[in-house]
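Visitor: I am new to this structure. Please show me how to read it.

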2 protein chains.
Amino acid sequence: MPSSQVIILYDFPSTVPGKACSPNTWKTRLCLNYKGLPHKTIWVEYPDIGKVCKEIGAEPTATCPDGSPFYSVPTIYDPSTKSVVSESARIARYLDKTYPDTPVLIPPETDAFHAAFNEGFESLLLPMLHLVLPLTFGAIHPESRAYFRKSRESWLGEKFGETPPVGQAREELWKKLAEGYTKVAMWLQMDGRDKLFFGGDNICYADITVACFLGCLRRMYGADSAEWADVKEWDGGRWARFMERFDKYEVVHE
Amino acid sequence: MPSSQVIILYDFPSTVPGKACSPNTWKTRLCLNYKGLPHKTIWVEYPDIGKVCKEIGAEPTATCPDGSPFYSVPTIYDPSTKSVVSESARIARYLDKTYPDTPVLIPPETDAFHAAFNEGFESLLLPMLHLVLPLTFGAIHPESRAYFRKSRESWLGEKFGETPPVGQAREELWKKLAEGYTKVAMWLQMDGRDKLFFGGDNICYADITVACFLGCLRRMYGADSAEWADVKEWDGGRWARFMERFDKYEVVHE
C-alpha cells in the first residue's frame, strides 16, 4: 500500500498536455476536484494495471472472456479510511458517503436514475469510439498500445485504424454524435426549464460524465481544432457554456 | 371537443380483459389512477387515431417518413383547463403541473434523468417487441391490424409473424429480456439500499414505465402462463413484489 496522506488516483499516462486522456479516469479526477479533495495521480502503463490493482487489493471491475478477473482504472486508494475503490461510479458513491460535507455527486433521490442515465448516455456515444480511439492509441505510450488495442477492439467488436475515419464515414459519425448531444440537450429542457445541468443549478455526477466525454473530444482533437469549434456551436452554444463551468476542475494533480 | 366533466383518455380497444393492451396508454392510465384523477376512456380504432386527434386539436407526436404529421395515443383532453396533451411523458408533466396537490410523478430534480431513463430502459426492451407484437396483433380488432402492422414493422425494421418466435429464438429473446430486467434491478441497488422503486419508497413515472411493460407481458401471455410464472421468479421475486404495488391502479375507467 502506498504511503500517502492524500487520496491516490491511479491513471495511465499519455502525451496530451497534463498526461491524462481517459474520459473514465477524468470522471474521478473531476469528482475529486469538484469536492475539493486533495489527491495525487500515480501513473501506471496499461500492461501493469492488473498487477498494481492486485497489489493494493482492488476488486476486479469485470471478467475477461477467458473467465479471469479484469482490473481497471480509475482506482483510488484513500489513506484516511484505508479503502481501495475501483470504477468511477462506485468511487463517486464512496466519496459522497465518506465526505458528506463536500458537494454531493449523486443525490440519493437520483441514485437509480444515475445508473439508467449511464446506460442511455453511453448508447449515444458509440460514434465517439470510432472518432477518438485512433487518436488515443497514438497518444498513449508505446508500451501500452498492444493492450489498449486488444481491449478496445474487444469492446468495439471490430478493429480500429491508426487515424480517425475520413470523408463520408467521418461526416456520418460526426452527425450521429451531434444528434446524440442534441438528445441530451432535449433531456435538459423537458420540463420547460432550460437547465445547464442534470443537477439543475448544480453539477452532479451525470454532468461530470457528459463533461468528461466532451473533454476527451477537445483533448484528442485539440481546443483550436475545427472539430471543437463545431462542438461549441452545437445546440445554440450550450456545450461551450457547459464546459466553461468545468474549467476550474480540469486540473491534474501529480 | 367532447363534453365531459372528467379527463378523457383516448386509447384503442382490444380483446384482452379490460380492453386496454398498449403499454404506452397504460402509462397514462396508471398516472391518472395513481394521482386519483377521475377520467374515462374513449376507444378509437388505429385507423381513426389521426382523424380524432386532429378533431380535438392534438399536436402530432412525430413525423412520418413521408413528412406528414403522425398522431398517437395516449392523448388526453382535460375539460378543467380545456387542454389536449399527447404522449405519455408530456401528459405526466402536464398532470404534475396542473394538479400539484396529487402525488408527484416526475420530481423536478429527476426531470432530465427521467428522459435519460427512458432512453436507457427502452434500449433493454428490444427483445420484448419480438415477444409481444404478434400477440398484440392478434388481440387488437381486425380493422386496426393493417395500420398496426405497418407502423410497428417500420419501428422494428423487420416483419413480425402471427405468433411469437419459438424454440431457440424464443429462449434467446427471453434470456435477453430477463437480463434487461436484472440490469434494472441492479440500478435499484447501486447505492447499497435495495429500493423497490426509482422513486425510493414512492412510485414515480419511471416505475410506472417499468410496470406498464411488465403488465403488457402479463396481459399478453396471461397471468397464469408459464412465462409470467418465470417473470415472478426473476431477480429474487423483485418484479412480483413490484407489480403487487400497482394492482390497485390497474383499473380501466370507461
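Visitor: How does Glu171(B) count by relative accessibility?

Guide: Buried means under 20% relative accessible area, exposed over 50%, and partly exposed in between (1.4 Å probe, protein chains only). Glu171(B) has 46% relative accessibility, so this residue counts as partly exposed. Arg170(B), at 18%, counts as buried. The two side chains meet in a salt bridge (3.1 Å, N to O).

Visitor: Which residues form one network through salt bridges that share partners?

Guide: They are Arg149(A), Glu153(A), Lys159(A) and Glu162(A). A word on the source: this is a predicted model, where local features need pLDDT of at least 70 and side-chain atom pairs count only at pLDDT 80 or more, while totals for chains, interfaces and linings use all residues. Residues are numbered from 1 along each chain as written, chains are lettered from A and ligands numbered from 1 in written order, and side-chain values use heavy atoms, without hydrogens and water.

Visitor: How many salt bridges does a search of the whole structure find?

Guide: Side chains of opposite charge can pair when their charged atoms come close. The cut-off is a side-chain nitrogen of Lys or Arg within 4 Å of a carboxyl oxygen of Asp or Glu. Over all chains, the search finds 32.

Visitor: Where do Arg149(A) and Glu153(A) lie?

Guide: Helices (H or I, at least four residues) and strands (E, at least two) are DSSP runs, numbered from the N terminus. Both residues are in helix H6 (residues 142-156) of chain A. They are 4 residues apart, so about one helical turn separates them. Glu153(A) is buried, at 14% relative accessible area.

Visitor: Which helices hold Arg93(B) and Asp111(B)?

Guide: Take the bridge first: the side chains of Arg93(B) and Asp111(B) meet at 2.7 Å, N to O. The pair links distant parts of the chain, 18 residues apart. Arg93(B) sits in helix H3 (residues 88-98) of chain B, and Asp111(B) in helix H4 (residues 111-124) of chain B. Arg93(B) counts as buried at 15%. Asp111(B) is buried too, at 3%.

Visitor: Now the sheet. In what order do the 4 strands of chain A run?

Guide: Two strands pair if DSSP finds at least two bridges between them. The order is S2-S1-S5-S6, in an open sheet with mixed pairing. S2 (39-43) and S6 (83-86) of chain A stand at the edges. Each has a single partner strand, so one side of each lacks a neighbour in the sheet.

Visitor: In which sense do S1(A) and S2(A) pair?

Guide: Strand S1 (residues 7-11) of chain A pairs with S2(A) in the parallel sense, over 5 bridges. For instance, Ile8(A) has Lys40(A) in S2(A) as its bridge partner.
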